[in-house]
Amino acid sequence: MKFLLKTIAIALILLPLTGTTAESAKQPTTQMHKVVFEVAIDGADKWEAALRNVENVRKALGAEDTEVEVVAHGKGIEMLLAKTAAANPEMKATIEKLHGNGVVFAVCENTMKRMQITKDQLVPIATTVDSGVSEVIRKQEAGYAYIKSGG
């Protein structure tokens with residue numbers, strides 16, 4: 001009996017040192033997911049599909065645990081033009097909701113120059129990057145998962 005009490009006492013002393021306390025078992029281990037979506041496609045149906053993919057990723061991986069950037073270049077930048085948003089209020093609302101929840105929408109300045117589009121022609125939530133493809137590369141180098149939208 002004396003041996004058993006001594007063993008229990010030692011175990012109780014060493015238990016906090018093992019990292020298996022009840023408190024440490026309760027602490028969640030969350031992983032931050034980082035995703036970059038490339039949108040270089042034409043057409044409202046394809047843009048809406050890309051936005052659904054963004055919503056689905058955030059839902060499946062946890063919105064608070066997921067950083068998302070949508071990079072639009074080529075034909076994809078029309079998705080973020082104010083005139084396109086005005087013609088498609090449902091898509092505009094989706095973009096604004098996603099942006100309000102932390103999704104970044106970046107437009108390629110090279111494409112803007114080629115298409116003679118100015119920043120004031122974009123939806124107000126859009127940001128610009130020097131090169132859409134280079135932004136995708138930079139994000140991948142920073143550990144972002146790459147998703148090509150459309151097809």
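**Reading contacts, burial and sheet order**

Colleague: Leaving out residues up to four places away in sequence, which residues does T94 touch?

Modeller: T94 touches L51 and E55 once residues up to four places away in sequence are set aside; contact here means heavy atoms within 4.5 Å. This is a predicted model, in which local features need pLDDT of at least 70 and side-chain atom pairs count only at pLDDT 80 or more, while totals for chains, interfaces and linings use all residues. Residues are numbered from 1 along each chain as its sequence is written, and side-chain values use heavy atoms, with hydrogens and water left out.

Colleague: Where is the place of T94, and does T94 count as buried or exposed?

Modeller: T94 sits in helix α5. Buried means under 20% relative accessible area, exposed over 50%, and partly exposed in between, with a 1.4 Å probe and protein chains only. T94 counts as buried because its relative accessibility is 18%.

Colleague: How many helices and strands does the protein chain have, and in what pattern do they follow?

Modeller: Elements are DSSP runs numbered from the N terminus, with helices being H or I of at least four residues and strands E of at least two. The protein chain has seven helices and five strands, and along the sequence they read α-α-β-α-β-α-α-β-α-β-α-β. Of its 151 residues, 35% count as buried. Among the contacts with a separation of 6 or more, 71% join residues 24 or more positions apart.

Colleague: What order do the strands of the open sheet take?

Modeller: Two strands pair if DSSP finds at least two bridges between them. In this structure the five strands form an open sheet in the order β4-β3-β2-β1-β5, with parallel pairing. β4 and β5 stand at the edges with a single partner strand each, so one side of each lacks a neighbour in the sheet. On average, neighbouring strands are turned by 30° against each other, direction ignored; axes are lines fitted to C-alpha atoms, for helices over the stretch in contact, and angles run from 0 to 180 degrees between N-to-C directions.

Colleague: Over how many bridges does β2 pair with β1 and with β3?

Modeller: β1 and β2 are joined in the parallel sense over seven bridges, and K34 has E67 in β2 as its bridge partner. β2 and β3 pair, also in the parallel sense, over four bridges, with A72 opposite V107 in β3. Six of the seven residues of β2 are buried, so the strand is largely enclosed by the rest of the structure.

Colleague: Which residues of helix α7 are buried, and why do they line one face?

Modeller: An α-helix has 3.6 residues a turn, so residues three or four places apart point the same way. In α7 (residues 132–141), the buried residues are G132, E135, V136 and K139. Seen down the axis of α7, they fall within an arc of 100°, so they line one face of the helix; the arc is taken over the directions from the helix axis to the C-beta atoms. These buried residues pack against β1 (33–39), β2 (66–72), β3 (104–108), β4 and β5 (145–148). Just after α7, G143 takes a positive phi of about 95°.

Colleague: Which strands does helix α3 lie across?

Modeller: Helix α3 (residues 44–61) lies across β1, β2 and β3, and runs at about 175° to β1. The direction of α7, which also packs on the sheet, makes about 160° with that of β2.

Colleague: Which residues touch the most other members of the largest nonpolar core?

Modeller: In soluble globular proteins, nonpolar side chains tend to be buried together. A nonpolar core is a set of buried Ala, Val, Leu, Ile, Met, Phe, Trp, Tyr and Cys residues joined through side-chain atoms within 4.5 Å. The largest has 27 residues, and V70, M79, L80 and F105 touch the most other members. β1, α3, β2, α5 (89–100) and β3 each give two or more residues to this core, and α3 gives the most, with four. Leaving aside neighbours within four places in sequence, L80 contacts A72, I95, F105, A106, V107, L122 and V123.

Colleague: What is the phi of Q116, and where does Q116 lie?

Modeller: Most residues other than glycine have a negative phi. Q116, a residue other than glycine, has a positive phi near 55°. Q116 lies in the loop between α6 (109–115) and β4 (127–129), and counts as exposed because its relative accessibility is 71%.
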